[in-house]
Number of protein chains: 2
Amino acid sequence: MWCQSCREEYGEVDAGTCKECYEEASETEEELKREIDDLKSKVAFLRLSPPSLDLNPSSSSSSSSSPSAPDLLLLASSHAPSSAPAVPAHRAVLISRSPVFRAMLESEMEESRSGMIRISDVSYDVLRAFVNYLYTAEILLDEQMACDLLVLAEKYQVKYLKAFCEKFMTSKVNNENAIINYAFAHRHNAKQLLDAALSLIMDNMSTLVERNEYKQLVENDPRLVVEIYEAYLKKQVNIALKI
Amino acid sequence: MWCQSCREEYGEVDAGTCKECYEEASETEEELKREIDDLKSKVAFLRLSPPSLDLNPSSSSSSSSSPSAPDLLLLASSHAPSSAPAVPAHRAVLISRSPVFRAMLESEMEESRSGMIRISDVSYDVLRAFVNYLYTAEILLDEQMACDLLVLAEKYQVKYLKAFCEKFMTSKVNNENAIINYAFAHRHNAKQLLDAALSLIMDNMSTLVERNEYKQLVENDPRLVVEIYEAYLKKQVNIALKI
């Protein structure tokens with residue numbers, strides 16, 4: 001018999017599908033690829049252009065001369081206003097992406113009146129990437145950026161971005177960073193990352209107590225260390241029950 | 001041999017794939033489905049909530065009291081202002097979706113100054129669906145709506161919506177509406193719809209001249225009728241060459 005896909009000969013034990021099913025599967029694959037193309041076009045259509053940084057937000061009185069200008073400024077509070085520029089944005093976009101911004105901007109809070117939002121504990125670069133993401137759903141992550149953006153996404157309840165960063169961080173968990181990621185995931189309710197890190201930690205219990213990150217964790221947050229041991233114990237019990 | 005997909009027995013001539021290729025194809029299908037899920041989440045994230053219709057756009061001076069209120073009104077000109085409400089929208093959204101709105105609103109044109117855009121030859125329902133689509137990329141089409149929206153999408157150069165309507169209309173072309181769709185496609189540069197309609201017309205040349213739509217087309221736009229005959233002639237010549 002000849003495989004229609006790889007064109008190589010195969011015997012009875014290596015049979016995959018019949019011709020009919022092979023053809024159906026090929027059609028399904030084509031359909032799925034078409035759906036992907038359609039969705040990609042839709043994403044491209046829905047993306048908004050983030051405001052360019054040299055634009056100043058229009059004040060109420062000058063809105064007709066610069067009609068689509070952003071009506072908000074976001075300021076990274078770890079920088080003095082003079083050292084890094086503010087990041088301009090549109091209220092309508094922030095409101096539609098984050099329930100926290102919605103509550104802030106649809107109320108009579110200071111931020112809404114002044115059109116200026118100070119974001120604490122964040123660098124200008126991270127804030128800029130964050131606002132850019134709210135417009136485009138696009139970002140090039142590295143581990144530090146994923147970590148910083150996850151914190152910001154959690155704070156402003158941008159679930160989709162948080163999940164995206166968590167997925168990226170989960171893919172980067174290794175023996176070296178498992179304990180740090182475990183503590184981080186705990187602080188920021190990142191279940192997927194927590195499970196991945198915990199699983200790696202449990203695979204390397206024999207060297208656990210020698211690690212510096214472990215000693216720091218015992219110092220700073222011993223309850224998290226207890227949880228590691230509890231999870232390990234539960235796993236041991238389960239293995240024992242199966243034997 | 002047993003097909004791993006449908007679990008039925010098959011003989012040598014009906015062989016599809018080997019086991020290895022079957023497993024690879026299954027993995028590919030899973031990956032494509034995951035990609036589709038990811039893209040669907042991204043679309044959901046990027047969608048904006050269209051402004052509710054009971055909101056009035058904030059005037060420049062009152063923007064702080066209703067900060068995310070739309071700053072534009074669109075008016076279907078086939079209705080008097082009193083008979084149908086205006087459709088509110090945000091300049092930033094219209095500008096990012098349509099180069100025509102961009103040119104209109106980033107200039108000193110009357111529409112930009114007044115914050116009011118009159119859209120001619122369109123019903124309130126179609127205008128509302130159009131604006132809604134610019135925010136969400138979502139719509140439930142029927143044939144009339146697809147036709148009306150295609151015209152509007154062409155006028156404002158919203159390519160993605162035009163392609164979407166054209167695809168829908170192409171899927172609905174039949175012997176009954178082929179001539180009307182052919183003329184419509186010609187007027188609005190809808191190549192895919194034009195080809196589908198023309199192909200159906202050429203399959204039914206024997207009854208063409210008896211049809212009312214044909215007689216009307218000869219009356220109103222004889223050049224389009226000439227094009228049908230030219231395409232038909234070309235097809236006949238090609239068939240003759242192949243024999």
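Which side chain meets that of A:Lys40 in a salt bridge? Select A:Lys40 and B:Glu35, whose side chains form that salt bridge at 3.7 Å, N to O, the term standing for a side-chain nitrogen of Lys or Arg within 4 Å of a carboxyl oxygen of Asp or Glu.

This is a predicted model, in which local features need pLDDT of at least 70 and side-chain atom pairs count only at pLDDT 80 or more, while totals for chains, interfaces and linings use all residues. Residues are numbered from 1 along each chain as its sequence is written, chains are lettered from A in the order in which they are written, and side-chain values use heavy atoms, with hydrogens and water left out.

Next, select the whole interface of chain A and chain B, across which the rule finds four salt bridges. On the side of chain A that touches chain B, colour the elements that each supply at least two residues, among them β1 (15-18), α1 (19-46) and α5 (124-136); helices (H or I, at least four residues) and strands (E, at least two) are DSSP runs, numbered from the N terminus. Of these elements, α1(A) gives the most, with 17 residues.

Widening the selection, 60 residues of chain A are in contact (heavy atoms within 4.5 Å) with 60 residues of chain B.

Finally, select residues 15-18 in both chains, where three bridges join β1(A) to β1(B) and the strands run antiparallel; strands pair if DSSP finds at least two bridges between them. Within this pairing, A:Ala15 has B:Cys18 as its bridge partner.
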